[in-house]
Amino acid sequence: MEAPLKDCTTLEQRAVIRFWNAEGIQTSQICQRMKNIYEQNPGPRPTRQTTLESCKEGDIRQLIGAISNKMDNWGDKLISGIEQNPGPRPTRQTTLESCMEGDIRQLIGAISNKMDNWGDKLETRLLSIEQGVDKLNRRIQQLENTMENTVKSVSKNSERIQEIEKRIDFTEMKMRESNLIFYGVEKKENETSDESLAKIKQIITDNMQISENINILKCHRLSKRPSAPLLVEIPKYEDRIKLFRNAFKLKQLRIYINKDYTLKVREQRRLLINKRKELLAKGISSRLRDSKLIVGSTVYQVINDKIMSSEGTEI
C-alpha cells in the first residue's frame, strides 16, 4: 500500500491513517510508516489532479471500501464494549443507570440494614430517656411532697412560736403589772434608792394631793443617765388607779406616769403615738390605751409594723 498511499491526496491519506488507527496501530508506528514512505520517495507531493490521474480507479475504490468496513466494525465493537463493560464507577457523580441491578439491590439492602440498626439504637435511646424523665418526675414529686410537708411543719411551728410569744408577753406583762414608770423626776448626784423613794412619796402627797397611804415596795432608777426614769413597784391595783387619775396634776412639772410595758409593746406604742399626732394634726381625736389606738369606735393595733383594725383595714 506504500506506492498507492504516496500518490493519493491528503484527504485519502488521512482516511488511511484513520484505518490504521482503527486496526490498533499506535500513533508512533503510524508516524514511522509515513516517514518511511516519504524517505523512500521524497519527490514533490502530488496535487489532487495529478494523484487522481496516477492512481488506479480500482485500487482507490477497494481501499475506500475496506476502510469503511473497518470503521463500521470498529464502531460496533466500541459501542458493544462500552455497554457490556462500563468500567468501575469513577466518581460520586456516576448515574444509577451505570450501576448493575445487583449492586443497586446490594446498596439498598445495606442502607436498609443501617436504617434498621439506627432505628433500634434510637428507640433504645428514647426508651432510656423516657425512663430517666420518669425517674426525674418521681424525684421532683417526692421533693414537692417533702417541701409541702416542710411548709406545713414550719407553719405549725410558726403558729406554736407565736402562741409561745404571746404567753411569754402575757407572763412578762403580769410580772410588770405592778410597776409604774415616772418620767421627768429630777435626779440627784449619787442618788440612792431611799432618796428616790422619798422623792416619789413627796410627789404623790404634795403635787398629786393624795392623802391616802400608797404602798410602795421598791423604787430605783432604770439607768445612770441624768434623765433616767424611776421604776416604782405598787402592788395594789387601786393605788395604781389613784395615781393615774391624778397624773394630770403633774403636767406643769413635766412629770409623766406610764405602765411598765415590754419592749415589744413600747415599740408598738411609739408607732401609735406618731399616728395619733398625725390624726390630731388633721383634727381627728383618738385615744391610746396600752398597745391599742381607738379612733371613734374603731380599735387599731400594730400588725407586722402596720396599724390595722380588726376588720383588716389600715388607718
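Helices (H or I, at least four residues) and strands (E, at least two) are DSSP runs, numbered from the N terminus. This is a predicted model, in which local features need pLDDT of at least 70, side-chain atom pairs count only at pLDDT 80 or more, and totals for chains, interfaces and linings use all residues. Residues are numbered from 1 along each chain as its sequence is written, and side-chain values use heavy atoms, without hydrogens or water.

**Helix H9**
- Helix H9 (residues 263-281) has 19 residues and reaches 28 Å from its first C-alpha to its last, close to the expected 27 Å (1.5 Å times one less than its number of residues).
- Val265, Gln268, Arg269, Leu272, Lys275 and Leu279 of H9 are buried (under 20% relative accessible area, 1.4 Å probe, protein chains only).

**Nonpolar cores**
- A nonpolar core is a set of buried Ala, Val, Leu, Ile, Met, Phe, Trp, Tyr and Cys residues joined through side-chain atoms within 4.5 Å.
- The largest such core has 19 residues, of which Phe182, Ile200, Ile204, Met208 and Leu243 touch the most other members.
- Helix H7 (193-207) is one of the elements that supply at least two residues of this core, and H7 gives the most, with three residues.
- A second, separate core of seven residues includes Leu279, Tyr300, Val302 and Ile307.

Key. Buried < 20%, exposed > 50% of the residue type's maximum accessible area, 1.4 Å probe, protein only.
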